[in-house]
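Here are my notes on the model you asked about, in the order I'd go through them on screen. Have the viewer open as you read.

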Amino acid sequence: MNHRQLFLNHLGQTSEFPLLLEIERAEGQYMYDKEGKAYLDLISGIGVSTIGHRHPAVIKAIKDQVDKHLHLMVYGEFVTSPQVKLAHAISNLLPDTLNNVFLVNSGSEATEGAIKLAKRHTNRSKIISCHHGYHGSTTGALSIAGHEDLKHPFRPLLPDTHLFRFGNHEDLDQIDQHTAAVIIETVQGEAGVRLADVDYFKALRARCSAMGTLLVFDEIQCGFGRTGKFWAFEHYGVVPDVLLCAKGMGGGMPIGAFISSKDIMHDLTHDPILGHITTFGGHPVSAAAALATVQVLQNEGLMDGVQMKEQLFHSLLIHDRILGVRSKGLMMAVEFESFEFLDKVIHQLLQDGIISDWFLFCDHSMRIAPPLTITTDEIKMACNKILQAIDIVSP
Ligand code: PMP
């Protein structure tokens, strides 16, 4: 049996139509299959390879750490240098009220941690999240997902979860003195890159503060430089009580975090003791890779070029069949008339050596979220191929 057959027979599947690409290695903006064919990665493995695949600084940090130790002890007991340095580096990039980093393994786990923290801290159970929001696939995170199709076969899920409209001022009234947390993406990702305005975030912040509700920003997809600032909330001048990150954080290694003040986070240490625990949270190798990722983002000026590259995409992606382009930095959605049409474009692009995708809750928009290291020539080439692919598959 070849690898594809083994994949289909022995690996748990997530859909009946996986892409089935067999990639052997990856470097920078490119992945290479067994025959050596190069694919330009226009989606960064869904928001992960923000600084490119196998960034040399990340590889070095991983190798150095592997030579010292792997896992030693469950999270929260031993003092290990990769975790300490990472938490310190992240705290330095945040306002003083976000100075305490709880390391986990993934985005979903960061969400779970935030839900528990908010309940424990406020002694309330009501959680509000947004229609078309996505915060992960574990049961708690799924409970606050903004799309019923994904949820209904798994009900009953967490009780007292409520949805309101992203960016809608009127719905802010739903935040009341029973609300433990509002959990919201600063830029909605799986909804197909949806933005809310500064006034909305200010009003949301004010309402949460007035009601004693924790405001949780999910920056698992939009954080770590993706929008051109280290944190997406920097665009809005509004500081959350809890911040979630993962995906791009590890430079290709699995890691996530929920971040808050030392004061709020303290609630997880008592009544009950061990309020949130994880064996592998902040794995030393992942933490070392994440620290290198922070340093690369800070030192290599990768975020400086984001706005110019975003504008370049906008200026080149002009075609009758493109109905619009939404973006915040290099987090972009190109809208088409239907999933059926976009699906053909994506498959044509795959043949042409370009990896793109649609969104979980917006299957008629193409996802563009390349490594920030993508060059202007590569953007021109990719946009050319997108326009050609549209022509080829157009009836
Ligand atoms: N929140 C957001 C905004 C995400 O985009 C994702 C992943 N797509 C998650 C949470 C869940 O992260 P993970 O898949 O690492 O559990």
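1. **What we have.** Keep in mind that this is a predicted model. The chain splits into two domains: domain 1 is made of two stretches, 3-54 + 301-393, and domain 2 covers 57-299. Their C-alpha centres sit 26 Å apart. The contact draws on 28 residues from domain 1 and 35 residues from domain 2.

2. **The domain interface.** Between domain 1 and domain 2, about 2,700 Å² is buried, and carbon and sulfur atoms account for 65% of that. On the domain 1 side, the residues that lose the most area to domain 2 are Lys328, Met331 and Phe361, which together make up 31% of what that side buries. As for polar pairing across the interface, there are twelve residue pairs in polar contact, both residues at pLDDT 80 or more. In domain 1, the elements α2 (44-47), β11 (324-328), β12 (331-335) and β15 (362-368) each put at least two residues into the side that touches domain 2.

3. **One salt bridge across.** How many salt bridges are there between domain 1 and domain 2? The count is one. Glu190 pairs with Arg367, with the closest N and O atoms 2.8 Å apart.

4. **Arg367 and Asp357.** Arg367 also forms a salt bridge with Asp357, where the closest N and O atoms are 3.4 Å apart. Asp357 is in strand β14 and Arg367 in strand β15, so this pair ties together parts that are ten residues apart in sequence. Buried or exposed? Arg367 is buried, at a relative accessible area of 4%, and Asp357 is buried too, at 17%. Leaving out residues up to four places away in sequence, Asp357 touches Ile43, Ile46, Ile346, Ser365, Met366 and Arg367.

5. **The main core.** The largest nonpolar core holds 115 residues, and Leu86, Ile90, Leu204, Met249 and Phe313 touch the most other members. Helix α10 (residues 284-299) is the top contributor, with ten residues. Both domain 1 and domain 2 give residues to this core, so it lies between them. Apart from it there is another core, of six residues, including Ala26, Tyr39, Leu350 and Ile355.

6. **Phe313 up close.** Not counting residues up to four places away in sequence, its contacts are Leu42, Leu330, Met332, Ile368, Pro370, Ile374, Ile379 and Cys383.

7. **Other salt bridges.** A search of the whole structure turns up twelve salt bridges. One of them joins the side chains of Glu22 and Arg4, at 3.5 Å from N to O. Glu22 is in the loop between α1 (3-10) and β1 (23-27) while Arg4 is in helix α1, so the pair links parts that are 18 residues apart in sequence. Arg4 counts as partly exposed, at 39% relative accessibility. Arg155 and Glu148 form another, at 2.9 Å from N to O; Arg155 is partly exposed at 41%, and Glu148 is partly exposed at 38%.

8. **Cis peptides.** Which peptide bonds are cis? Pro156 is in the loop between α7 (148-151) and β6 (161-164). The bond from Asp271 to Pro272 is also cis, with omega near 5°, and Pro272 is in the loop between α9 (262-265) and α10.

9. **Positive phi.** Most residues other than glycine have a negative phi. Asn123 has phi near 60°; Asn123 is in the loop between α5 (107-122) and β5 (126-130) and is exposed, at 73% relative accessibility. Asp160 has a positive phi of about 60°. Asp160 is in the loop between α7 and β6 and counts as partly exposed at 32%.

Terms used
Residues numbered from 1 in each chain as written. Predicted model: local features only at pLDDT ≥ 70, side-chain atom pairs only at ≥ 80, totals over all residues. Heavy atoms only, no water. Core = buried A, V, L, I, M, F, W, Y, C linked by side-chain atoms within 4.5 Å. Buried < 20%, exposed > 50% of the residue type's maximum accessible area, 1.4 Å probe, protein only. Helix = DSSP H or I, 4+ residues; strand = E, 2+ residues; numbered from the N terminus. Domains from an automatic or database assignment. Contact = heavy atoms within 4.5 Å. Buried area = accessible area lost by both parts, 1.4 Å probe. Salt bridge = Lys/Arg side-chain N within 4 Å of Asp/Glu carboxyl O. Polar contact = N/O pair within 3.5 Å; in protein donor to acceptor, adjacent residues only side chain to side chain.
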